[in-house]
Amino acid sequence: MKRKAMLMSVDIAECALFVVLMVAGAYIRIPFPLVPLTFQTVVSVLAGLLLGWKKGAASMCVYCFAGLVGLPFFTGGGGITYVLKPSFGYIIGFIAAAAVAGVVAGKESCGTKRYIFAALAAFLVDYAVGIPYCIIAAKLLGVENLTKLFLTGNLIYMPKDAVLCVLAALLAKTLVPVIRRGKARI
């Protein structure tokens, strides 16, 4: 029973760590026209790869919920009105991305190619959720040039995120065995 309680504490700490990393990823911004470059996509993918789909998605849900209740966790602050921002779709996508990364990578240690495939699949899922939300929200807010928004507010970031996700996959390939060995000692 004591081991189970300790493992649960480790699980909670791991999830909390990724919530903190997401907040840091939101505030470490590289100025760019329209939307700043952040590191949130790669953190959400790494959460799924390192924590598995349940804990990875759970950590992203906590991040999303905390931001929606008003904690300044998002790039523009927080609060329920954030759902009206075109970029909110990516926050929802972070949850899906973490889940997909964890599901595709699986529970057992896998090869480098599978980690890369998992990371890129998660990256694409984040954009598959984020882009339509962005376009719909922008349309509702009266943005007229949706093509420009798609190109400059979405498409331009994809290469950077893809490269970072591949790097996250390589990092996960190295860290997952270490994490598993550490948990086995508890």
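Contact here means heavy atoms within 4.5 Å. The model described is a predicted one.

**Helix α2 with helix α4**

By that definition, Q40, T41, S44, V45, G48 and L49 of α2 touch F94, A97, A98, A101, G102 and A105 of α4. Sorted by class, the residues of this contact are seven nonpolar, five polar and no charged. Two packed helices are described by the angle between their axes and the distance between the axes. For α2 and α4 the angle is about 40 degrees, and the axes are 7 Å apart. The crossing of the two helices, α2 and α4, is right-handed.

**Helix α1 with helix α3**

Helix α1 covers residues 2-27, and its axis comes within 9 Å of the axis of α3, with a crossing angle of roughly 50 degrees. Helices α1 and α3 are therefore oblique to each other. Their crossing, α1 with α3, is right-handed. On the α1 side the contact is made by D11, E14, C15, F18, V19, M22, V23 and A26, and on the α3 side by K55, S59, M60, V62 and Y63. Nine nonpolar, one polar and three charged residues make up the contact of α1 with α3.

**Helix α5 with helix α6**

Helix α5 spans residues 112-140 and helix α6 spans residues 146-153; their axes come within 10 Å and cross at roughly 140 degrees. Angles over 145 degrees count as roughly antiparallel, and α5 and α6 are therefore oblique to each other. Helix α5 passes α6 in a right-handed crossing. The residues that meet are I131, C134, I135, A138 and K139 from α5, and L146, L149 and F150 from α6. This contact of α5 with α6 has seven nonpolar residues, no polar residues and one charged residue.

| Helix pair | Axis angle | Axis distance |
|---|---|---|
| α2 and α4 | about 40 degrees | 7 Å apart |
| α1 and α3 | roughly 50 degrees | within 9 Å |
| α5 and α6 | roughly 140 degrees | within 10 Å |

**The second largest pocket**

Rolling a probe the size of a water molecule over the atoms shows where empty space is left. The second largest pocket has a volume of about 520 Å³. Its lining consists of 18 residues, and L51, G52, K55, K107 and R180 are the ones nearest the centre of the pocket. Helices α2 (40-51), α3 (53-68), α4 (88-105) and α7 (158-184) each give two or more residues to this lining. By class, the lining of the second largest pocket has eight nonpolar, four polar and six charged residues. One of the residues nearest the pocket centre, K55, is also among the α3 residues in the contact with α1.

Key
Residues numbered from 1 in each chain as written. Predicted model: local features only at pLDDT ≥ 70, side-chain atom pairs only at ≥ 80, totals over all residues. Heavy atoms only, no water. Axes fitted to C-alpha atoms, helices over the stretch in contact; angles between N-to-C directions. Helix = DSSP H or I, 4+ residues; strand = E, 2+ residues; numbered from the N terminus. Parallel < 35°, antiparallel > 145°, perpendicular 65-115°, else oblique. Left-handed = near helix turned anticlockwise from the far one by under 90°. Nonpolar A, V, L, I, M, F, W, Y, C, P; charged D, E, K, R; others polar. 1 Å grid on protein atoms, 1.4 Å probe; cavity = no way out; pocket = protein on both sides within 12 Å on 5 of 7 lines; lining within 4 Å. Points joined across faces, edges and corners; volume = space filled by probe spheres on them.
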